[in-house]
Amino acid sequence: MRIRLEGNRAEITLGMIHLREVFTVTAMSRAYPDRSRPRTYRVYVRIIPRKDH
């Protein structure tokens, strides 16, 4: 599954922490700046369900 996270760097970091609690993150892109909103970024993440959930 592929997910796009959008927000400032702190929001993206918090989102990644929560995603890793439930999913296995298999790939993560670099942070791309959002052209229309200053100090906002987007990160693309590939995940799979964790075996223990």
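What follows is a conversation about the salt bridges and the overall build of a predicted model.

Visitor: Let's start with the layout. What makes up the fold of this protein?
Guide: It has 1 helix and 4 strands. Going from the N terminus, the elements run β-α-β-β-β. The C-alpha trace spans about 40 × 15 × 10 Å along its principal axes.

Visitor: How many salt bridges does a search of the whole structure find?
Guide: The search finds 3. In general, side chains of opposite charge can pair when their charged atoms come close.

Visitor: Why is the pair Arg-4 and Glu-6 called a salt bridge?
Guide: Their closest N and O atoms are 3.1 Å apart. The cut-off is 4 Å between a side-chain nitrogen of Lys or Arg and a carboxyl oxygen of Asp or Glu, so the pair qualifies.

Visitor: And what makes Glu-6 and Arg-37 a salt bridge?
Guide: Here the closest N and O atoms are 3.7 Å apart. That is also within 4 Å, so the label holds. Glu-6 lies in strand β1 (residues 2-7) and Arg-37 in the loop between β3 (32-33) and β4 (41-49), so the pair ties together parts that are 31 residues apart in sequence.

Visitor: Which residue forms a salt bridge with Asp-34?
Guide: Arg-37 does, with the closest N and O atoms 3.0 Å apart.

Visitor: Is Asp-34 buried or exposed, and how do you know?
Guide: Its relative accessibility is 18%. Buried means under 20%, so Asp-34 counts as buried.

Visitor: Why are Arg-4, Glu-6 and Arg-37 given another label?
Guide: Arg-4 comes out at 47% relative accessibility, Glu-6 has a relative accessible area of 41%, and Arg-37 has 39%.

Visitor: Where is Asp-34 found, and what is it in contact with?
Guide: Asp-34 is found in the loop between β3 and β4. Leaving aside neighbours within four places in sequence, Asp-34 is in contact with Thr-40, Tyr-41 and Arg-42. A polar atom of its side chain also lies 3.1 Å from the backbone nitrogen of Ser-36.

Visitor: What makes the link between the side chains of Asp-34 and Arg-37 a polar contact as well?
Guide: The distance is 3.0 Å. A polar contact needs N or O atoms within 3.5 Å, one able to donate a hydrogen and the other to accept it, so this pair carries that label too.

Visitor: What about Arg-39, and why is it called exposed?
Guide: Arg-39 is found in the loop between β3 and β4. It has 69% relative accessibility, and exposed means over 50%, so Arg-39 counts as exposed. Its phi is near 60°, a positive value in a residue other than glycine.

Visitor: Let's step back to the whole protein. What share of its 53 residues count as buried?
Guide: It's 19%. The accessible surface comes to about 4200 Å², of which 53% belongs to carbon and sulfur atoms.

Visitor: How far apart are the mean positions of the positive and negative charges?
Guide: They are 8 Å apart, with 12 positive and 5 negative charges in the protein.

Note on methods:
Residues are numbered from 1 along each chain as its sequence is written. This is a predicted model: local features need pLDDT of at least 70, side-chain atom pairs count only at pLDDT 80 or more; totals for chains, interfaces and linings use all residues. Side-chain values use heavy atoms; hydrogens and water are left out. Buried means under 20% relative accessible area, exposed over 50%, partly exposed in between (1.4 Å probe, protein chains only). Helices (H or I, at least four residues) and strands (E, at least two) are DSSP runs, numbered from the N terminus. Accessible areas come from the Shrake-Rupley method with a 1.4 Å probe; for residues, only the protein chains shown count as cover. Lys and Arg count as positive and Asp and Glu as negative; His and the chain ends are not counted. The place of a charge is taken as NZ of Lys, CZ of Arg, CG of Asp or CD of Glu. Contact means heavy atoms within 4.5 Å.
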